[in-house]
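Please keep the structure open while reading.

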Amino acid sequence: MTVDQLVYAYVANEEYYPDKTVVIEEGSKGDWVYLVLEGQLKVRKSTNKGNVTVYTLKEGDILGEMLLLEPGKGVRTASVIAEGPVRLGVLDTAQLARDYDSISPQLKGLIRSLIQRLEETTDKVCDLALEAT
Amino acid sequence: MVANGKEKMPPIVSLKYKRGELVIKEGDYGISIYKIVKGKVRIFNESGGREIPLATLGRGEIIGEMTFLNRGEEQRTASARALEDSELEVWHPSTLKKEYEEMPPVVKYIVNQALQRLVRMNQLVAQFTAKRQRIIEKAKHVKPGTPQRFYYRKELDQECIYRPVNSSKELRLGGRVKDISLNGVGLEVRSKNALNFSHEAGDTFYVTMMLPTNKKLTFKAKIQSVKMDRTLGKIMMGMQFEEIDGENRKTLGFFMRS
């Protein structure tokens with residue numbers, strides 16, 4: 001069994017979105033974690049100087065992972081927009097939370113640090129990208 | 001499924017670093033994880049002998065987690081240096097490693113993706129910063145107060161005659177125009193021309209030249225930059241137009257578009 005199949009096992013529901021749908025809006029609240037089953041989406045961050053597309057998500061990619069690892073934060077850090085029609089799997093958040101809770105505080109500390117670093121670095125990339133244009 | 005990790009951890013070791021000391025060197029092999037107890041630490045990449053800062057971390061923050069989480073990758077992806085006298089707690093990863101292996105696969109899957117994204121973002125930061133530093137370096141080489149010619153330039157090699165603005169109208173010095181834009185020209189002359197007349201930044205010349213289209217072009221231009229080539233006995237001057245009348249501007253415009 002591949003990791004992917006293990007992750008598919010967490011899909012509680014499937015959702016379909018047409019091209020250009022804003023699946024997640026930056027700054028909004030929401031606790032769903034998605035797995036891309038089909039199609040592509042772009043992750044966009046808005047800054048006071050403009051919007052930056054930070055990366056493209058493809059099949060097998062997770063979106064909303066920051067929420068899982070920073071539970072209770074609840075605010076989306078980027079917008080996610082469908083590029084063409086997409087099929088998303090909604091992960092079983094309760095099961096995910098239980099899994100995450102089974103980890104030791106130190107390992108959690110590492111993961112939190114990683115997620116935080118990712119957020120900060122992504123912001124930095126946005127600033128630099130806008131500066132360079 | 002996992003017992004309290006704290007109980008399983010070997011005794012915690014603390015290390016002290018003086019301001020400026022290196023904690024981790026990029027490219028080195030190492031698996032320890034550090035937690036900052038006191039002080040500040042800068043994380044940076046090295047590129048062309050330069051330090052490209054990635055982050056500054058303070059108390060409670062963790063260093064070295066990337067090497068740990070990046071399975072099979074034991075080389076440090078960034079360096080760390082103490083910005084002030086600092087104290088770091090060192091965690092030996094052996095216990096954590098076992099725990100990591102036993103982590104629920106879905107969590108591991110998500111952590112892995114976050115890790116890959118972070119590696120990618122760090123690369124982008126390094127690229128952008130290196131690019132910006134190159135631009136800053138370049139700007140430093142330009143003499144202060146000498147505006148650059150930003151316009152599109154055409155390379156050419158045309159004879160011209162010129163004279164300093166305050167000289168006699170009969171004076172004719174020879175040179176070659178090596179490039180031209182809507183904003184100015186690059187003029188190359190023999191160094192001996194500079195023996196009797198000043199050829200320095202700020203000096204202004206009248207210039208008359210023939211374009212490759214056989215049209216005559218006359219203008220007044222000011223020297224912005226001077227480059228001497230002693231071995232060849234030549235001076236290359238970057239000049240910006242000061243006065244160019246409507247007719248000549250039109251001729252130039254046509255030529256630049258051709």
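B:N214 counts as exposed, because it has 6 C-beta neighbours inside 10 Å and the limit for exposed is 12 or fewer. The model is predicted. B:N214 sits in the loop between β12 (204–210) and β13 (216–229) of chain B. Its phi is positive, about 70°, although B:N214 is not a glycine. Most residues other than glycine have a negative phi.

A:K20 has a positive phi near 70° and is not a glycine. It is found in the loop between β1 (11–17) and β2 (22–24) of chain A. A:K20 counts as exposed because 10 C-beta neighbours lie inside 10 Å. The table sets the two residues out.

| Residue | Phi | C-beta neighbours inside 10 Å |
|---|---|---|
| A:K20 | near 70° | 10 |
| B:N214 | about 70° | 6 |

**Chain A**

Chain A has four helices and six strands. Along the sequence they follow the pattern α-β-β-β-β-β-α-β-α-α. Chain A has 133 residues, and 33% of them count as buried. Take the contacts in chain A between residues at least 6 apart in sequence: 81% of these join residues at least 24 apart.

**A sheet in chain B**

Four strands of chain B form an open sheet. Their order is β2-β7-β4-β5, and the pairing is antiparallel. At the edges are β2 (22–24) and β5 (50–57) of chain B, each of which pairs on one side only. On average, neighbouring strands of this sheet are turned by 35° against each other, direction ignored.

Strand β4 (residues 41–47) of chain B pairs with β5(B) over seven bridges, in the antiparallel sense.

**Where the chains meet**

In the contact between the chains, 35 residues of chain B meet 34 residues of chain A. Several elements of chain B each supply at least two residues to its side: α1 (5–8), β5, α2 (65–69), α3 (94–101) and α4. Of these, α4(B) gives the most, with 18 residues. By class, the side of chain B that touches chain A has 24 nonpolar, five polar and six charged residues.

**Nonpolar cores**

The largest nonpolar core has 61 residues. Those with the most contacts inside it are A:L114, B:V23, B:V41, B:I63, B:V111 and B:A114. Helix α4 (residues 105–141) of chain B gives the most to this core, with nine residues. B:V111 touches A:I111, A:L114 and B:L69, leaving aside residues up to four places away in sequence.

**Helix α6 of chain B**

Helix α6 (residues 246–257) of chain B has 12 residues. Is α6(B) largely in the open or largely buried? One of its 12 residues is buried, so α6(B) lies largely in the open. At 1.5 Å a residue, α6(B) should span 16 Å. Its end C-alpha atoms are 16 Å apart, which agrees.

Methods. Residues are numbered from 1 along each chain as its sequence is written. Chains are lettered from A and ligands numbered from 1 in the order in which they are written. This is a predicted model: local features need pLDDT of at least 70, side-chain atom pairs count only at pLDDT 80 or more; totals for chains, interfaces and linings use all residues. A nonpolar core is a set of buried Ala, Val, Leu, Ile, Met, Phe, Trp, Tyr and Cys residues joined through C-beta atoms within 7 Å. A residue is buried if 20 or more other C-beta atoms lie within 10 Å of its own, exposed if 12 or fewer, and partly exposed in between; C-beta atoms are placed from the backbone. Two residues are in contact if their C-beta atoms, placed from the backbone, lie within 7 Å. Two strands pair if DSSP finds at least two bridges between them. Axes are lines fitted to C-alpha atoms, for helices over the stretch in contact, and angles run from 0 to 180 degrees between N-to-C directions. Ala, Val, Leu, Ile, Met, Phe, Trp, Tyr, Cys and Pro count as nonpolar, Asp, Glu, Lys and Arg as charged, and the others, Gly among them, as polar. The expected span of a helix is 1.5 Å times one less than its number of residues.
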